Amino acid sequence: MAGFKEFDRFDALGLAELVRNGEVSAADLLEESISRTEKVNPRLNAVIRPMYDIARARAKEAVEGPFAGVPFLLKDLIASYAGVEMSSGSRFFKGHVPTQDSEYVARFKRAGLNIFGKTATPEFGITPSTEPELTGPCRNPWDPLRSPGGSSGGSSCAVAAGIVPMASASDGGGSIRVPASCTGLFGLKPSRGRVPSGPDHPDGWFGFIAEGVVSRTVRDSAHMLDCLQGNYPGQLQRIAPPAKAYATAITAKPKKLKIAYSLDPALGESLHSDCRDGVLETVKLLESLGHVCEEVRLPLNKEEFIYAYTVLVCSEMAATLKEGERVLGRKGKASDFEARTWALMKLGRSFNGGDVANAVWTMAQFSRQWMTFFEPYDALLTSTLGELPISVGGLRPTSQELVELKALSYLPIGFIAKQKDFVLKAGRRVYQYCSQTMPANVTGQPSMSVPLHWNAQNIPVGMMFTGRFGEEHVLLNLAAQLEQAKPWADKRPPIYAGN
């Protein structure tokens, strides 16, 4: 089969331009990405569901759009592709085939992208490490003993390893930014409502989830956001459209920004020294570019936030089980799910309406305090993670925790509801790892991980910038400036398909 050996010289927009100019065909690009998948995927396990025949047929069609003819991978969660299995990383949904495209997928197609496979995700996207029992662990091309993050770990792994220049991602607690940080990519979580969900999936996790992409270049993400953003009939969460295309934000003259930065561990207990070093180096870079930086302490009641967030996510897990039973027409049982997932579902069922309402109120009060604190600043800089990319298996339940989880799944609901200490303990390691990302999901603010730092062992350490609600253009303009000042797109991990 034909291919395109100069694939690595171009980002997604660059490849699309070659197709438009007749310098390469969509079929050649597709075969190159398929060849790259076959080369590195056995070592990484990023692509869990090939769609080669579908993509080969599409490559023969006359397709329009700014990304026409560019190979693309779709995260196997939330994003329904009609006629293709979507298991969401779960045994319960294995074999489930949606009958219609989600709006998100329809917009990828309208942009001209050629989807040729689905990427790995943890079960229902609930962990920041991509290790579902259904398909096995996904590994980081920078160090295969480490995770590429989650829940968009398969997508970030595939982009970092050179299979594609851009892939789909979604973020309910950091799931775009965490894997972007782990794999040295750019990842922007848009403002709430900017990229519509549905129509087959509700606005999940109380509006915490936002959809987007991970990419090697800022311009790919900016142009893709132009393709994805915008309201449609029946959309529940709506936002005013941007004044200008996001593509113009990355070429506009940079403005002098007032940027807060923090070395707080936030939801964690500590901040890794490499993360701290990355923030301080980034502050120096920002100041050299003319921005004003000011160190701050984050207005965050850790215990209140963790408890409320956990109550809401567990409640969503319980709802996921109920909705899954409706869609599949059968009852779910413990053996259909990973032990941790089943326990979270049971825990979610144990909370009453008052518990959930109180958690919503807690998050509303947090959001008010956070937005008031944020008002004087154009952006907030922190590390994306509290630690380096975690080892494969590093977030799995220990033997003792597994015993407790399995026992919990058989306890009476009324007893489970009293286990507040268990709730806080169960997610402690996750909150230490993703210590910075979750506040922006709760407030709905745009937030991006920018690959500005690699440690002495050549492990990527992302820097996170959070902006005011609805101001993705400010973040993208800043990201483009940082990308020019400290380029990263040509950095290659040890496991790379183009080698």
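Predicted model: local features only at pLDDT ≥ 70, side-chain atom pairs only at ≥ 80, totals over all residues.
User: Thanks! What describes two packed helices?

Analyst: In general, two packed helices are described by the angle between their axes and the distance between the axes. Here, helix α2 (residues 26-44) and helix α3 (residues 52-59) pack at an angle of about 160°, and their axes are 9 Å apart. The two helices, α2 and α3, are therefore roughly antiparallel to each other. The crossing of α2 past α3 is right-handed.

User: Which residues in α2 and α3 meet?

Analyst: From α2 come A26, A27, L30, E31, I34, T37 and E38, and they meet Y52, A55, R56 and A59 in α3. Sorted by class, this contact of α2 with α3 has seven nonpolar, one polar and three charged residues.

User: At what angle do helix α10 and helix α11 pack?

Analyst: Helix α10 (residues 302-328) packs with helix α11 (residues 339-350) at an angle of about 100°, and their axes are 7 Å apart. That makes α10 roughly perpendicular to α11, because angles of 65 to 115 degrees count that way. In α10, the residues C314, S315, M317, A318 and L321 meet W342, L344, M345, L347, G348 and R349 in α11. By class, the contact of α10 with α11 has eight nonpolar, two polar and one charged residues.

User: Now a single residue, please. Is L286 buried or exposed?

Analyst: Buried means under 20% relative accessible area. L286 has 0% relative accessibility, so L286 counts as buried. You can find L286 in helix α9 (residues 273-288).

User: Leaving aside its neighbours within four places in sequence, which residues is L286 in contact with?

Analyst: With those neighbours left aside, L286 is in contact with I259, H291, C293, L381, F465, L478 and L482.

User: And strands? With which strand does β10 pair over six bridges?

Analyst: That is strand β11 (residues 460-467), and β10 and β11 pair in the antiparallel sense. Within this pairing, V450 stands opposite M463 in β11. The hairpin of β10 and β11 has five residues between the strands, and N458 takes a positive phi near 65° there.

User: How many bridges join strand β5 to β10?

Analyst: Three bridges join β5 (residues 186-189) to β10, and these strands run antiparallel. For K189, the bridge partner in β10 is S447. Strand β10 (residues 447-454) is also mostly covered, with eight of its eight residues buried.

Definitions and conventions
Residues numbered from 1 in each chain as written. Heavy atoms only, no water. Axes fitted to C-alpha atoms, helices over the stretch in contact; angles between N-to-C directions. Helix = DSSP H or I, 4+ residues; strand = E, 2+ residues; numbered from the N terminus. Parallel < 35°, antiparallel > 145°, perpendicular 65-115°, else oblique. Contact = heavy atoms within 4.5 Å. Nonpolar A, V, L, I, M, F, W, Y, C, P; charged D, E, K, R; others polar. Buried < 20%, exposed > 50% of the residue type's maximum accessible area, 1.4 Å probe, protein only. Pairing = 2+ DSSP bridges. Left-handed = near helix turned anticlockwise from the far one by under 90°.
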